[in-house]
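Hi,

Here is the structure I promised to pass on.

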There are 2 protein chains.
Amino acid sequence: MANFGFANLVVVAPYAPHWREARSAVGAPGLLQSATETTSLSEAIQRCTLVVGTGTLTHRKPEQPVISLPSLPELARRELANNGRIALVFGPEKHGLTREDLSYCHHLVEIPTDANQPSMNLGQAVAVCLYELAVRVPEAGLDQVPSLPEHIRTSETTAGNLDILAGLVEDVMTEAEYSPHNMQAATRHNIRLMLRRLHMNSADSRRVLGLFRRILRRIRLS
Amino acid sequence: MANFGFANLVVVAPYAPHWREARSAVGAPGLLQSATETTSLSEAIQRCTLVVGTGTLTHRKPEQPVISLPSLPELARRELANNGRIALVFGPEKHGLTREDLSYCHHLVEIPTDANQPSMNLGQAVAVCLYELAVRVPEAGLDQVPSLPEHIRTSETTAGNLDILAGLVEDVMTEAEYSPHNMQAATRHNIRLMLRRLHMNSADSRRVLGLFRRILRRIRLS
């Protein structure tokens, strides 16, 4: 929650010793200090207009409409435009939300997961849901996320071939006494970065490889 | 990884006792069994054409282009369209990727987080990155995610007011001897769900509340 800028945590009927411990832990974020505690879910969500439960549907037939997590930001934007207040409800790690818990929810949100491994760790499920809201609901707290910059490019050369090329360039530099011995580690680092910045296509990387092989042979012959 | 349908895990120089334990754990997913182990990052990524490091930028100035996680699917789609192979590299929990690790990366992907709490738990960072790829890169393994269904609606009435209304409806039913005593728990459950299905706006919920108050009074008077 703190990572994605959410501040209002309500804990329903927590196990007192664990909850006390979590709150008083060194470095506990402020939202744990300011969290409220209620005895029932109903009490926790009193002021909310839209209540969304979370869970996997493997073992039950839901009694309310199900939406997929990537659709939640659109629903949240609409609700916030109506001055609504949204609660996202998570169940305990072990068994998730009960049927009674879910009867307080307007919708059930499902995280799309692989059919062979549908059940997620609670902390990871929370992170994924809040990430989706934080980056796609402008009102949710995070700054606007920039789109893919123009200068970002794809690559065609495998890391294995780049390593071969980097080794060859280094050999040439050494044979040509281009870089002093005590600079070799730094030079190697910079060559690695440079070769990745070039985003060579396969044909070009083969060409450069051939060229450096030839250069190396010529230097060694001379 | 198993939740989001990713299968190819390479572990670089793991701490042997922990790694052995993780692999042999009861219920460990198949991807742990089939994971490969290398002694260096360079070896792990040999066959990949695009290598993307992850991390927060709080304490360093990156040496390669940085993209925000929501832009990663677009980059991945382009790379896959070129028949490329992508590696996503995560560092250890404690200190993340080193400067040397990053020199093997074409790009650095950053998870947008709150400036007050930028550093994420490793498992949650992995979950968020793989979720983003799984739902927005069609080739990534998960089935196509449906968009928000037409019938999904927002709500204007707070959960608190719905509870008051539900209590009133129940009182009316009891006074009118509508539902048998042994059905009360089931009836309460169904009323709760129905009131949420109706998605009443504020004015309508006030109207219905007033009506049921009147009905209750009339029944009690009769």
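A definition to start with: helices (H or I, at least four residues) and strands (E, at least two) are DSSP runs, numbered from the N terminus. This is a predicted model, where local features need pLDDT of at least 70 and side-chain atom pairs count only at pLDDT 80 or more, while totals for chains, interfaces and linings use all residues. Residues are numbered from 1 along each chain as its sequence is written, chains are lettered from A and ligands numbered from 1 in the order in which they are written, and side-chain values use heavy atoms, with hydrogens and water left out.

Helix 4 of chain A first. Glu74(A) and Arg78(A) sit four residues apart there, so about one helical turn separates them. They form a salt bridge (a side-chain nitrogen of Lys or Arg within 4 Å of a carboxyl oxygen of Asp or Glu), with the closest N and O atoms 3.1 Å apart. For accessibility, buried means under 20% relative accessible area, exposed over 50%, and partly exposed in between (1.4 Å probe, protein chains only). Glu74(A) is partly exposed at 33%, and Arg78(A) is partly exposed too, at 35%.

Over all chains the count is 18 salt bridges. Another one pairs Glu63(A) with Arg99(A), at 3.2 Å between the closest N and O atoms. Glu63(A) is in the loop between strand 3 and strand 4 of chain A and Arg99(A) is in helix 5, so this pair ties together parts that are 36 residues apart in sequence. Glu63(A) is partly exposed at 30%, whereas Arg99(A) is exposed at 51%.

Now the two chains together. Chain A can be laid on chain B by a turn of 180° and a shift of 0.0 Å along the axis, with an RMSD of 0.1 Å (least squares on the C-alpha atoms of residues with pLDDT of at least 70 in both copies). That is the relation of a two-fold axis. Each chain puts 75 residues into the contact, where contact means heavy atoms within 4.5 Å. The copies meet through the same surface, because 100% of the interface residues of chain A are also interface residues in chain B.

How much area do chain A and chain B bury between them? About 6100 Å², 58% of it on carbon and sulfur atoms; buried area is the accessible area (1.4 Å probe) that two parts lose on being put together, summed over both. In chain A, Asn3(A), Tyr131(A) and Leu148(A) lose the most area to chain B, together 11% of what that side buries.

Four salt bridges cross this interface. One of them joins Arg136(B) to Glu132(A) at 2.8 Å between the closest N and O atoms. Within chain B, Glu132(B) and Arg136(B) also meet in a salt bridge (3.0 Å, N to O); both lie in helix 6 (residues 122-136), four residues apart. Glu132(B) is buried, at 0% relative accessibility. Salt bridges that share partners join Glu132(A), Arg136(A), Glu132(B) and Arg136(B) into one network.

Last, Gln64(B), which lies in the loop between strand 3 (50-54) and strand 4 (66-68) of chain B. Gln64(B) counts as buried at 8% relative accessibility. Among the residues that Gln64(B) touches are Leu193(A), Cys105(B) and His106(B).

Note on methods
Lists of a residue's contacts leave out its neighbours within four places in sequence.
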